[in-house]
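Hi,

Here is the model I promised to pass on.

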Amino acid sequence: LHHKDGHRVPVQVRTAPLRDSSGEVVGGVEIFQDATAYLSQEEKVSILKKMAYLDPLTQVGNRRYLEDTLKDWTEEFHSNGWPFGVLFFDIDRFKTVNDRYGHATGDQVLAMVARTLQSNLRSWDAVGRWGGEEFLVLCRNVDAPTLREVAERLRLLVESSHCREEDGGGVQVTVSAGGTMTGVDDTPEPLVARAD
């Protein structure tokens, strides 16, 4: 569903019938619950803040967090064989957003994209702002076709999200994505360069 701030979040829906005194169904009740793993996300954010790994604008990991995570995951891949993929997202025509709507709206767009990416990943995946309008998503235990599906799903979710302007209008953006799987001789730098 759309969050009131414009980004998309996963929800769990529970439905129950409403019955009259004779047992006939006369309506229903739907209960929507945010399906984002709050506790694990809160723990991650707390750790990121303590270690200065949080990008202050977007509230996702910063480049340092991504570099350290890539290093750790690459070492785990080489020692344990745990596969992971790297997705490199770039906001399309971001300069045009800043020029047309101003830098404050550009900042809102960055935050919206970051929240959309973060809210729609598994709790063991990682997302961060690589720099400017670029984001990295790191996905554990995936193969190339699954990584492609994740990239396409996230791309579509960003495309269908928006930021609200003061006049009530909405600003929508698209993203382009590149992706790669880690290889036996990889270090973090070639992985990111290949995804880019």
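This is a predicted model: local features need pLDDT of at least 70, side-chain atom pairs count only at pLDDT 80 or more; totals for chains, interfaces and linings use all residues.

Val13 has Phe32 in β2 as its bridge partner. The two strands involved, β1 (residues 11-19) and β2 (residues 25-34), run antiparallel and are joined by nine bridges. Strands here are DSSP E runs of at least two residues, helices are H or I runs of at least four, and both are numbered from the N terminus; two strands count as paired if DSSP finds at least two bridges between them. The β1/β2 hairpin has five residues between its strands, and Gly23 there takes a positive phi near 90 degrees.

Residues are numbered from 1 along each chain as its sequence is written, and side-chain values use heavy atoms, with hydrogens and water left out.

Next, the open sheet. Its four strands come in the order β4-β5-β3-β8, with antiparallel pairing. β4 and β8 (175-181) are at the edges with a single partner strand each, so one side of each has no neighbour in the sheet. From one strand to the next, the twist averages 20 degrees (axes are lines fitted to C-alpha atoms, for helices over the stretch in contact, and angles run from 0 to 180 degrees between N-to-C directions).

β5 (residues 134-140) is largely enclosed by the rest of the structure, because six of its seven residues are buried (under 20% relative accessible area; exposed is over 50% and partly exposed lies in between, with a 1.4 Å probe and protein chains only). Seven bridges tie β5 to β3, with Asp90 opposite Glu134 and Phe89 opposite Phe135. Towards β4 (residues 126-131) there are five bridges, and Arg129 stands opposite Phe135. The β4/β5 hairpin has two residues between the strands, with Gly132 in the turn at a positive phi of about 50 degrees. Helix α4 lies across β3, β4, β5 and β8, at about 5 degrees to β5.

Last, α3 (residues 94-101). Which of its residues are buried? Phe94, Val97 and Asn98 are. They span an arc of only 95 degrees around the axis, which puts them on the same side of α3 (the arc uses directions from the helix axis to the C-beta atoms). Lys95, Asp99 and Arg100, on the other side, are exposed. The buried residues pack against β3 (84-91), α4 (103-119) and β7 (170-171), contact meaning heavy atoms within 4.5 Å.

Cheers
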